[in-house]
Amino acid sequence: MSEKKKILGVGLDIGTMNIVAARRGSADLEYKRMRDVFLALPAAQKRMLKLADASYVERGDEVIILGDNALALANAFGKDPRRPLSGGLISPRESDALGVLKLLIQSVLGKPQVEDEVCYFSVPAPPLDQPDRDIIYHTGVFERIVEECGYEPYASNEAMAIIFSECANEGFTGLSFSFGSGMTNVALALNTVEVLSFSVARGGDWIDKHAGMAVGMKPAQMCALKESGVNLMEQTTQEEEALALYYKAMIEFSLDTVAQHFIQKQHNFQFSEAIPIVVSGGTSKAGGFLDFFQKVWKKKKRKFPIEISEVRHAKDPLNAVAYGMLIQAMQEYDE
């Protein structure tokens, strides 16, 4: 393919649970995903890793296994996998976080098609319920890492990416909720313009921790139960009920925060017609999530200060943010 025919630009979703890169290939969208976890093992394990065809990086007297292989091997060795991000931001407690994040991002991005190819990468909005945490360091570190991979980096709001990927028919106007592992990110947009955005430190990890505490189970056990196919609309055990109750609390808190902040700022803008709510993110993949969200929403809608046309799920919840980032990156080459 000649260089003129290449479709340039890449989108990068940097999540607490997954890192996803999106490109427009010659025929269709192309995604590459890696689980955002790693595991360090003694170098003596290298032969067994080769036998298992697991990808790893050698470092001194140990080997670093990345992604899904790390998760599988952690379970096999009875270890907890390590995570370079915590609560949606770079973990201050993980000494190897920066080096591992660079390896993960290099793996999903690959080499740029041209020098300084544009890459839009996701960052959360500052968390309202944890005002002592900001995103300045987090954003700056990923700008450096993406640049070191050979790309021209642009940071962009995670929830706004869902507006770009899911609300074209509404003129890129809508209210999006990105329910991730570390955070829930929210954006309200009017014709591509971000008019309200924030995050709350409640996501999949928060649910696992608090639901586990309620029933005497570890967060990892609750996460495994959640990912085994639990249906939020059909709770049959105490553990499933606990998960559903904390899902409900997360959704209610997010909706209430939108209402509160919209009322404070609504004199600055006006919606001429009803807008959609779009829900996305890995935490929204639980069985029955959309019906569950709508059940919670039904009790909130009468007092909600924004007229909503519908509530719908992103077409591809795990890739919606990466695709929204890609759309923005491609615009840099649109003449």
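**Exercise 1. At what angle do helix α7 and α8 pack, and how far apart are their axes?**

Before we start: this is a predicted model, where local features need pLDDT of at least 70, side-chain atom pairs count only at pLDDT 80 or more, and totals for chains, interfaces and linings use all residues. Residues are numbered from 1 along each chain as its sequence is written, and side-chain values use heavy atoms, with hydrogens and water left out.

*Solution.* 
- Step 1: find the helices, which are DSSP runs of H or I with at least four residues, while strands are E runs of at least two, numbered from the N terminus. Helix α7 covers residues 219–227.
- Step 2: For α7 and α8 you get about 90°, with the axes 11 Å apart.
- Step 3: classify. Angles of 65 to 115 degrees count as roughly perpendicular (under 35 is roughly parallel, over 145 roughly antiparallel, the rest oblique), and α7 and α8 are therefore roughly perpendicular to each other.
- Step 4: list the contact (heavy atoms within 4.5 Å). Met 222, Leu 225 and Lys 226 of α7 meet Glu 239, Glu 240, Leu 243 and Tyr 247 of α8.

**Exercise 2. Which residues have the most contacts inside the largest nonpolar core?**

*Solution.* 
- Step 1: collect buried Ala, Val, Leu, Ile, Met, Phe, Trp, Tyr and Cys residues joined through side-chain atoms within 4.5 Å. Buried means under 20% relative accessible area, exposed over 50%, partly exposed in between (1.4 Å probe, protein chains only).
- Step 2: the largest core has 41 residues, and the ones with the most contacts inside it are Leu 175, Phe 177, Leu 188, Ile 251, Ile 277, Phe 293 and Phe 304.
- Step 3: look at who supplies it. The largest share, 10 residues, comes from α8.
- Step 4: zoom in on Ile 251. Skipping residues up to four places away in sequence, Ile 251 touches Phe 179, Phe 289, Phe 292, Phe 293 and Val 296.

**Exercise 3. Is Leu 89 buried or exposed?**

*Solution.* 
- Step 1: Leu 89 has a relative accessible area of 5%, so Leu 89 is buried.
- Step 2: check the surroundings. Leaving aside neighbours within four places in sequence, Leu 89 contacts Pro 84, Pro 124, Arg 133, Asp 134, Ile 135, His 138 and Met 183.

Conventions:
Axes are lines fitted to C-alpha atoms, for helices over the stretch in contact, and angles run from 0 to 180 degrees between N-to-C directions.
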